[in-house]
Amino acid sequence: MILNKNLVKGKKKTQKNLIYDVFQNFVDSSIAESRQEIKNVSSTYNFDISNGELKSGYGFKRLQMPTSSSNLDSEEVLALDGNEVYALWSFKWYSSLAKENRYYIVYYNDLNRLGFANLFNARPVALFAPTDFTSTPVGNKTRYNGDDAMVFSGDIDGLYLMTGNISRMYEDAPRVLSICWQFDKYFAITAGEQANLYYSDNKDITSWTAQTMKEITFDDDKGKLNKVMAFNDYVYVFRDFGITKISIYSTKNLFDVSGIYQCDSFIYPGTIASSGDKIYFLEGSGIYSFNGSSTTKINLECDDMLNKTQKHNASAVCFEGRYYLACRYNFDDGKVVGCENEEGYVNNVLFVLDLVSKKVNLLRGVDIKQLCVLNNPFKSKVVACFNGNNKSFIGELTMDGDVFEVSTSKEWTSVLSDLKEPEKLKKIEYLTIKSTTDCEVKIDSDREDKRIQVLGCEKLQKLSVNVLGREFKISFSTTSKDANISNVKLGYSIT
């Protein structure tokens, strides 16, 4: 008996492939999630997603520095004073005796001391200077009698001066919160109401008095003064809700005060950082750049995340073309990562923004208290102090996927996509992947889900999937230190 072939034909099946050559594309908020490509990411952390692969991302280890500027390859961990580090500063001091710059890290600890260490010298013991502060002080770099200096001020305490030769508290000096030098004068914000800007041509800050300091008042509603900066030949004052520019007329001591930026959202003082010809800061609705005359919002694919972060304890620095921002974000995924296991954590995520490509990597699970840059001609680093279990450390930023010798949990999860065929039934049939370490691939659909355990291998692997549905999402996860996932391709059919 011969059957008619036309009677046994089934539905036509279309075969398609989806190649994962980019892992950086975040959710496009202007398009319904289901209509987006399954290559777009809805959540990612602790992977480096900058170049088409999923690799181990940022981490921290205990700060190590060379003991000589002539041998930068040999490093030692810094000996620290105290059991908790509250704040960090970098300090450059020119030694007239040695006729060279010397570079220090300075920190304030739980013993009410200012600890310090020469970054490029032998450090057999932890060095410190006792202080009379009742709370963590604010530190500023300045000059004193022609020397490099730092001044530290508390909310209700005096002013502590530190140079290469002097370490002393001045009880009657003004409590300086922010200071800069411009127009042959110091401009300073002092503790209290923070409503007026003070200036003086007296280079001895310790001798300033209310009678000798002059003030600039502001007749507007931009709020409290938080940071003053000398930038592009002018003085700029960053305030709660805007930026004010101070310029000087040809006649000395006559200033022009102009409000060049006003916003409805709060500018977070701890996030103001400069890089090249721009200053960057976090405002309520995102990250902004300021060039001295205009302010521009940086439109990022992860803006929705930034809008939902808790920012009052945020800290940021700029270093080598990147903006590093520590804050708090609710990932709302039911997972507990790193410091999220600790009760009362303050921050839990570090956003690393490439200022050229505008792409972002995230380090999740580290409670960063403050970021700082150790900038010098020999070996510069991004460093931090922490809340919680890591509070006794000063850490340096790494790219090995470890946080103080514990490998981070890494995850990349796509959007839930209909593969641009909303009405049709699809089957993801296979997956090709190259992963040098063990990882898990999870594929979910509106009908079923499947977990695939991938064993680390230097060769390309092709794995059977066979998951049916109309909408799908895919995730990759690993706790391996040296993760490297690439050459991912999904093969699926449409009926």
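The residues lining the second largest pocket of this predicted model comprise 9 nonpolar, 8 polar and 13 charged residues, where Ala, Val, Leu, Ile, Met, Phe, Trp, Tyr, Cys and Pro count as nonpolar, Asp, Glu, Lys and Arg as charged, and the others, Gly among them, as polar. The volume of this pocket is about 750 Å³. A pocket is here an open set of points, on a 1 Å grid over the protein atoms alone, with protein on both sides within 12 Å along at least five of seven lines, and a lining residue has an atom within 4 Å of a point. Grid points are joined across faces, edges and corners, and a volume is the space filled by probe spheres set on the points. Of the 30 lining residues, S42, S43, F331, D333 and T413 are the closest to the centre of the pocket. Two or more lining residues come from each of β2 (41–45), α1 (303–307), β37 (410–414), β39 (439–445) and β42 (472–478), with β2 contributing the most, 4 residues. Helices (H or I, at least four residues) and strands (E, at least two) are DSSP runs, numbered from the N terminus.

Residues are numbered from 1 along each chain as its sequence is written. Local features need pLDDT of at least 70 and side-chain atom pairs count only at pLDDT 80 or more, whereas totals for chains, interfaces and linings use all residues; side-chain values use heavy atoms, with hydrogens and water left out.

Strand β2 is largely enclosed by the rest of the structure, because 4 of its 5 residues are buried (under 20% relative accessible area; exposed, over 50%; partly exposed, in between; 1.4 Å probe, protein chains only). The strand runs antiparallel to β37, to which 4 bridges join it; two strands pair if DSSP finds at least two bridges between them. Within this pairing, V41 has S414 of β37 as its bridge partner. In strand β42 lies S475, which counts as buried at 13% relative accessibility. Beyond its neighbours within four places in sequence, S475 is in contact (heavy atoms within 4.5 Å) with W412, T413, E440, V441 and K442.

The chain as a whole has 1 helix and 43 strands, and its C-alpha trace spans about 115 × 55 × 40 Å along the principal axes. Of its 495 residues, 52% are buried. Among contacts with a separation of 6 or more, 57% are between residues 24 or more positions apart.

In soluble globular proteins, nonpolar side chains tend to be buried together. A nonpolar core is defined as a set of buried Ala, Val, Leu, Ile, Met, Phe, Trp, Tyr and Cys residues joined through side-chain atoms within 4.5 Å. The largest such core contains 57 residues, of which Y323, L325, F351, W412, I433 and F476 touch the most other members. Strand β43 (residues 484–494) supplies the largest share of this core, 5 residues. A separate core of 19 residues includes V366, I368, L371 and V403.

Positive phi values in residues other than glycine include those of N145, near 50°, and F183, near 55°. N145 is located in the loop between β12 (138–144) and β13 (147–153) and is exposed, with 53% relative accessibility. By contrast, F183, in the loop between β16 (176–182) and β17 (185–190), is buried at a relative accessible area of 18%.

Definitions and conventions
On a 1 Å grid over the protein atoms alone, a cavity is a set of points where a 1.4 Å probe fits but cannot get out, and a pocket is an open set with protein on both sides within 12 Å along at least five of seven lines; lining residues have an atom within 4 Å of a point.
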